[in-house]
Amino acid sequence: MKKLFVCAALGLLLCGCAPQEAAETVEDVYQPVLEQEAQQVLLQVPDQAGDPILTNEQGDTLYLWEDYTLTVATRKSGDVTGVIQETTGFTPDQLQVVETARMEGTQYDCIWTAAGEGGSQVGRLRMIDDGHHLYVMTIMAPEAEAAALQSDTWVEVFNSFRVIEPESMVSSGS
């Protein structure tokens with residue numbers, strides 16, 4: 001009788017430990033991710049640059065003066081390697097790319113040289129990735145002017161390069 005009682009008690013205990021079946025609901029509706037509007041690029045361009053000589057609907061801008069070329073472009077985020085290669089002609093593995101965390105996102109900087117029509121050119125790139133868009137600024141100069149890219153003027157240009165919310169998205173505070 002004791003054996004039957006012990007077996008019945010063990011049976012009750014084991015039945016109480018049965019796994020509970022979990023249910024999960026799945027909805028078969030596709031909800032596209034809304035594309036975020038590109039931020040506004042702020043940049044202090046040297047006085048000698050004047051007005052941009054070329055702009056397009058994507059916000060790409062080109063300035064030319066003396067021997068310098070300054071470009072600002074906006075691309076969709078996600079392909080940092082491709083944008084660096086498109087801009088410089090080199091893959092990031094072939095360059096020394098410095099990555100820095102900023103409030104606006106991740107910043108990438110590098111310098112490269114390339115053959116140009118009038119001789120070798122030196123280029124400097126700064127790119128900000130906010131997770132939705134890549135904001136790219138490059139300056140190209142003749143190799144003889146490479147030291148000028150480290151001058152106070154160019155340091156100010158690179159330090160002024162930033163992105164902010166577009167004016168249409170900024171609250172008026174009222």
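Among contacts in the protein between residues at least 6 apart in sequence, 51% join residues at least 24 apart, a contact being a case of heavy atoms within 4.5 Å. The model is predicted: local features need pLDDT of at least 70 and side-chain atom pairs count only at pLDDT 80 or more, while totals for chains, interfaces and linings use all residues. Residues are numbered from 1 along each chain as its sequence is written, and side-chain values use heavy atoms, with hydrogens and water left out.

**Overall composition**

- The protein has three helices and nine strands; these are DSSP runs, with helices being H or I of at least four residues and strands being E of at least two, numbered from the N terminus.
- Starting at the N terminus, the order of elements is α-β-β-β-β-α-β-β-β-β-α-β.
- Of the 174 residues in the protein, 30% are buried, where buried means under 20% relative accessible area, exposed means over 50%, and partly exposed lies in between (1.4 Å probe, protein chains only).
- The protein has an accessible surface of about 12100 Å², and carbon and sulfur atoms account for 53% of this surface; the areas come from the Shrake-Rupley method with a 1.4 Å probe, and for residues only the protein chains shown count as cover.

**The sheet**

- An open sheet is formed by seven strands in the order β2-β3-β4-β8-β7-β6-β5, with antiparallel pairing; two strands pair if DSSP finds at least two bridges between them.
- Because β2 (54–55) and β5 (98–101) stand at the edges with a single partner strand each, one side of each has no neighbour in the sheet.
- Eight bridges join β4 (residues 68–76) to β8 (residues 133–142) in the antiparallel sense, and T69 stands opposite M140 in β8.
- The antiparallel pairing of β6 and β7 runs over eleven bridges; Q107 faces I128 of β7 across this pairing, and the two strands form a hairpin with two residues between them.
- β5 and β6 are paired in the antiparallel sense over four bridges, with V98 opposite D109 in β6 and E99 opposite Y108 in β6.
- The hairpin of β5 and β6 has four residues between the strands, and G105 there takes a positive phi near 150 degrees.
- In a regular strand, side chains alternate between the two faces of the sheet.

**Residue C110**

- C110 is located in strand β6 and counts as buried because its relative accessibility is 3%.
- Although C110 and Q96 are 14 residues apart in sequence, their C-alpha atoms are 6.1 Å apart in space.
- Apart from neighbours within four places in sequence, C110 is in contact with T88, L95, Q96, V97, G123, R124 and L125.

**Helix α3**

- Helix α3 (residues 152–160) lies across β3 (61–65), β4, β7 and β8, and runs at about 170 degrees to β8; axes are lines fitted to C-alpha atoms, for helices over the stretch in contact, and angles run from 0 to 180 degrees between N-to-C directions.
- The residues W154, V157, F158 and S160 of α3 are buried.
- These residues cover an arc of only 165 degrees around the axis, so they lie on the same side of α3; the arc is that of the directions from the helix axis to the C-beta atoms.
- The cover over the buried residues of α3 includes β1 (40–42), β3, β4, β7, β8 and β9 (162–164).

**Aromatic pairs**

- Three aromatic pairs are found in a search of the whole structure; rings of Phe, Tyr and Trp (its six-membered ring) pair if their centres lie within 6.5 Å, and planes under 30 degrees apart count as stacked, over 60 as edge-to-face and the rest as tilted.
- The W65 and Y68 pair is tilted, because the ring centres are 5.8 Å apart and the planes stand at 35 degrees; both W65 and Y68 are buried.
- W65 and W154 form a stacked pair, with 5.7 Å from centre to centre and 20 degrees between the planes.
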